[in-house]
Amino acid sequence: MGIIHCPEFDFAIYTPPKCGSWVADYIATLPDFKDHFVVDAATQFTPRQNQILILRNHPERILSAYYDKIVCPHSMPSKYGDYWREIGEHPADIGYTRGGVECLDSWVRTLGPHVWDTHIQPFLTQDIIMASEMPVLCQVVKNAHRAVIYTHEIPNMLMPCLNYFMKRDKSIGQREISEYQTPHKITYSTNLPPPQKYGAAEWKNVHYDGLRQCYLDTGALPHASLMYDLGLQIMILNQAGYMRDEVWLRRPIESGPRHTIMLVYNPDGSPKFPQFIPMIAGLPLHGHERIEYFKKQRENAPPDIGFLDF
Amino acid sequence: MGIVHCPEFNFSIHTPPKCGSWACDHLASMPQFADHLVIDHSLDWRARKRRILVLRNHPARVLSVYYDKIVCPHSMPSKYGDHWRELGDDPSAARYNPGTFDYFQKFLMTLGFNAWDSHLQPYSQQEIIWIAEANTLNPYDERCHGTQLAVVYTHEIRDFLLPMVNDCMKRSHSIGLEDFQNYRSHHKIQYADSLPPPTKYGAKTWSEVHYEGLYQCYQDNNALPAPHLVYDDLCQEIIMGQLGYMRDYARYDRESHGGAKHPDMKPHNLMAVYDSNGMIHHSKAFRIKNSPPQSVDSFKEF
């Protein structure tokens, strides 16, 4: 899990934890792809000519980790036998800190002590993403191309990108990926009973057992736009590690940032706190030595894939 | 600045911003080393067999940035012309986000907004450090095979950096040591334990004194408060909430990885505030639970 290679066409797909590794695994099983892809620990860090990074918006990733690991509304037994509800009586039984997991508010305030959890680590501190930088840093690959695809774009953009690298019709496999639903996906909703029903005035303060009850009642958990208020949004923005991800890995769009990995989004795709867009967009990439290098690579990149434009 | 290479003996020294690049620059200028060490941008990303990482304690590093860039007590003009006091009316003239820098506690609570500053970025997110890990992350580059990685903390530079460099150069560990230990960085800001109370400068705690108050403190005493005076329990907790720094701690903790060791090297916690005697100042500075050694499997005895 994490990196899938296509040695034949010399590219790799990099998916950090909580960033759609399920889809990469699924693609590797599709008839049109399985003979071309390799998931092999022995080749894990082999540098490739072209790279696809799949990244997830950080507020959603943190919330997803909270729902998945702390609220833990899944049916048992789990695939890996690692849900706290089947192991003990508290999330601390699988390593989380008491006092830091009772509600989303306390979770976001105590992210640091939970840094051992790969699902919340900044992308650039993870081997998977560091490895994707190595070909350029070590100068073992010339003319590297890189694409960044956000998880919400997977259904529409991933297949065309893969097929582009495989030099064939961009629509191959598109129907399958559009119809696929991951079996462990937790449904989010904005149409729920009020949080008071589950014990708190605001969703961010509802205890994890209250959220589980919400899931049992409604089949869904609150959408990110319900869980994050301004204070929590600012706490995410204050994480220097996440901001560094944003600046280094963002995919600029000519008309301005269409998506940042730092902001909370509404279900319609609009940012909940748009006042932070200018600040995020204005963050400079300080001391970047490779600007000219990547600008040259960009000249040959196709316009519809979204190559990083440093 | 950043990486100093020794092609002859195939090692490099990696110093992220605010981690003693002055020491490496000085080292490269010393007669015993000048012919062996190279600061050359065309070589910057070349992987070397042995790498020495010079890292600084994060609370001390962030405070140093605040003093250097925000309080800015230096005489003008500056070497690079980038001190805000010679550019404009407040630190925003040097690109720091307005509303983030009035006093240290606020600066600490809004680090993300100033993450463009390489002096504040987590080590594990900087190219200087990535390239030091090329052996584990790019095993297909033959130049990276059989490598060793060592960590030296900035407070250990005077005693251990030269012996380590000399070891890499296969010669007596004491060469240049006396010259090196006598060297003083000219832009170093003095810290003090013994100062007037913070109330003299406008706040109940040092972490809430306005940067102009700290500037006045420097004018009065020729020193600024030592880290353990500025970091109260809240500040220690805030900095431990930074995922990127905690990730550095988990990844580069010398002790938990076996560590490159000189017999006299002592354990050091990258996230704890230390007092002037080298003791951890806050009981809340804990070791990370359940943090298995990460991918840095190349820590070896030098």
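In chain A, four strands line up as an open sheet in the order β1-β2-β3-β4, with mixed pairing. The edges are taken by β1 (3-6) and β4 (145-150) of chain A, each of which pairs on one side only. From one strand to the next the twist averages 15°. Bear in mind as you look around that this is a predicted model.

Inside that sheet, β2(A) and β3(A) (residues 50-55) run parallel and share four bridges. Helix α6 (residues 154-165) of chain A lies across β2, β3 and β4 of chain A, and runs at about 165° to β4(A).

**A cysteine in a loop**

Now follow chain A just past β2. A:C19 sits in the loop between β2 (11-14) and α1 (21-27) of chain A. Is A:C19 buried or exposed? A:C19 has 27 other C-beta atoms within 10 Å, and the cut-off for burial is 20 or more, so it counts as buried. Leaving out residues up to four places away in sequence, A:C19 touches A:I54, A:L55, A:R56 and A:T151. A:L249 is 230 residues from A:C19 in sequence, yet their C-alpha atoms are 14 Å apart in space.

Chain A has a mean pLDDT of 84, with 84% of its residues at 70 or more. The stretch to treat separately is residues 287-310 of chain A, where pLDDT is below 50, although this stretch has 30 contacts in the model beyond near neighbours in sequence.

**Over to chain B**

Chain B contains twelve helices and six strands. It has 302 residues, 48% of which count as buried. Taking the contacts in chain B between residues at least 6 apart in sequence, 70% join residues at least 24 apart.

Six of its six residues are buried, so β3(B) is largely enclosed by the rest of the structure. In a regular strand, side chains alternate between the two faces of the sheet. Both faces of β3(B) are covered: B:R50, B:I52 and B:V54 are buried on one side, and B:R51, B:L53 and B:L55 are buried on the other.

| Strand pair | Bridges | Direction |
|---|---|---|
| β2(A) and β3(A) | four bridges | parallel |
| β2(B) and β3(B) | four bridges | parallel |
| β3(B) and β4(B) | six bridges | parallel |

B:S12 has B:R51 as its bridge partner in β3(B), while B:I52 is bridged to B:A150 in β4(B).

**Where the chains meet through helices**

Finally, look at helix α11 (residues 240-249) of chain A and helix α12 (residues 243-252) of chain B. These two pack with their axes 6 Å apart, at an angle of about 100°. That angle makes α11(A) roughly perpendicular to α12(B). Which residues of α11(A) meet α12(B)? They are A:A240, A:G241 and A:R244, and on the α12(B) side they meet B:L243, B:G244 and B:R247.

Key:
Residues are numbered from 1 along each chain as its sequence is written. Chains are lettered from A and ligands numbered from 1 in the order in which they are written. This is a predicted model: local features need pLDDT of at least 70, side-chain atom pairs count only at pLDDT 80 or more; totals for chains, interfaces and linings use all residues. pLDDT is the predictor's confidence in each residue, from 0 to 100. Two residues are in contact if their C-beta atoms, placed from the backbone, lie within 7 Å. A residue is buried if 20 or more other C-beta atoms lie within 10 Å of its own, exposed if 12 or fewer, and partly exposed in between; C-beta atoms are placed from the backbone. Two strands pair if DSSP finds at least two bridges between them. Axes are lines fitted to C-alpha atoms, for helices over the stretch in contact, and angles run from 0 to 180 degrees between N-to-C directions. Angles under 35 degrees count as roughly parallel, over 145 as roughly antiparallel, 65 to 115 as roughly perpendicular and the rest as oblique.
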